[in-house]
Each structure stands twice: as C-alpha cells, then as structure tokens.
Amino acid sequence: MTTGSILLGISLFLLVGLFIARPFLLPTPRPPRLTSRQSLLAEKEALLGQIRLLDFDAETGKQLPEEYTAERELLMQRATAVLAQLEETEDLEAAIEAAVARLRLEIEPPSKPKAVAINFCPQCGTAVKPENKFCSHCGTALTMSNEQ
C-alpha cells in the first residue's frame, strides 16, 4: 500500500466517524415551554382520551364493572378540576383583555368617523368630481353648499 491510499483511508474513516457522531455532538433542541393554559388544555385532552379508552374497555368486557366505576370516577374528578382551572384562566384572560381595552380607550379616545365626501348633483343625482363647477349630465351649477 502506498502512503496516499493510507491517508485517503484514514481521512475517509474520520469523515464517516464524524458524520455518524454528529447527532451526539449537536445540542438537543428543547421543546418550547407551554403556557399554563396550553398545559391545562393538553391535560384535559389526555384525560378525555383516558376516559374514552376506559369506556371502550368496559364496553368490550376487558375491565370489571367495579374497577371501571372507581377508575372512571377518579378520572372524572381530575377532569372536573382541570376544567375548573381552565375556566379560571379564561376569566382571568377576559379580565385582562377588558382592562387593556379600557386603557386603550383612555389613551386613544374613539375618534368620530370622518365624513366621506361623496359628491352628487343635487338636481339629477349623477356623481360629480369635487373640482367640477357644473354637472356634466344636466348642467346644474355646483356650489360648496351642495357638497357634503
């Protein structure tokens, strides 16, 4: 073997090794943090899925009726507690939105809607441009009092 082929083999071995080791060398991305509302919604969905699965198991006879009743009651209590927490967060969010809306009104009072200048001939009702002095359809003189 020549020196060139040995160096080529070693470099190829190193490249393949780095390619294989790359997932271990890169930092693992962290999942995004969920807000309390998102985590409550996820917990609610998980509990509802467990209740559905428990109901299915009871219907197919995989679970004894005594176990089914006790387990379902426990899951329903947990789901009720989660729903109550969700309702509290919704009330809190609604209160925050109302406070923000009040602050916006204090800062920027609602302005009166601007009058849109739609110019029509008072005689025939044809649309006219603001710079016209006479109606192009009937010839009526247009004055500033005719415009809105």
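Residues are classed by relative accessible area: buried means under 20%, exposed over 50%, and partly exposed in between (1.4 Å probe, protein chains only). The model is predicted, so local features need pLDDT of at least 70 and side-chain atom pairs count only at pLDDT 80 or more, while totals for chains, interfaces and linings use all residues. Residues are numbered from 1 along each chain as its sequence is written, and side-chain values use heavy atoms, with hydrogens and water left out.

The secondary structure of the protein chain comes to 3 helices and 0 strands. Helices (H or I, at least four residues) and strands (E, at least two) are DSSP runs, numbered from the N terminus. Along the sequence the pattern reads α-α-α. The protein chain has 148 residues, of which 11% are buried. Contact means heavy atoms within 4.5 Å. Among contacts between residues at least 6 apart in sequence, 38% join residues at least 24 apart.

Helix 1 covers residues 3-25. Its 23 residues should span 33 Å at 1.5 Å a residue; the expected span is 1.5 Å times one less than the number of residues. The end C-alpha atoms are 31 Å apart, which agrees. A kink of about 35° lies at phenylalanine 19, shortly before proline 23. The bend at a residue is the angle between axes fitted to the seven residues ending there and the seven starting there. The number of buried residues in helix 1 is 0, so this helix lies largely in the open.

The largest nonpolar core has 8 residues: Leu40, Leu47, Ile51, Leu54, Leu75, Ala79, Val82 and Leu86. Helix 2 (36-60) and helix 3 each supply at least two residues of this core. Such a core is a set of buried Ala, Val, Leu, Ile, Met, Phe, Trp, Tyr and Cys residues joined through side-chain atoms within 4.5 Å. Leaving aside neighbours within four places in sequence, valine 82 is in contact with Leu40, Glu43, Lys44 and Leu47.

Threonine 89 lies in helix 3 (residues 65-107). This threonine 89 has a relative accessible area of 17% and is therefore buried. A polar atom of the threonine 89 side chain lies 2.7 Å from the backbone oxygen of leucine 86. Beyond neighbours within four places in sequence, threonine 89 is in contact with Arg37 and Leu40.

Side chains of opposite charge can pair when their charged atoms come close. The structure holds 4 salt bridges, each defined as a side-chain nitrogen of Lys or Arg within 4 Å of a carboxyl oxygen of Asp or Glu. Arginine 37 forms one with glutamate 90, the closest N and O atoms being 3.4 Å apart. Arginine 37 lies in helix 2 and glutamate 90 in helix 3, so the pair ties together parts 53 residues apart in sequence. Both are partly exposed, arginine 37 at 24% and glutamate 90 at 40%.

Aspartate 55 forms a salt bridge with arginine 72, with the closest N and O atoms 2.8 Å apart. Aspartate 55 belongs to helix 2 and arginine 72 to helix 3, so this pair ties together parts 17 residues apart in sequence. Aspartate 55 is buried at 18%, whereas arginine 72 is partly exposed at 26%. Salt bridges that share partners join Arg37, Glu90 and Glu93 into one network.

Glutamate 45 also forms a salt bridge with lysine 44, at 3.8 Å between the closest N and O atoms. Glutamate 45 is partly exposed at 45%. Lysine 44 is partly exposed at 22%.

Definitions and conventions: Polar contact = N/O pair within 3.5 Å; in protein donor to acceptor, adjacent residues only side chain to side chain.
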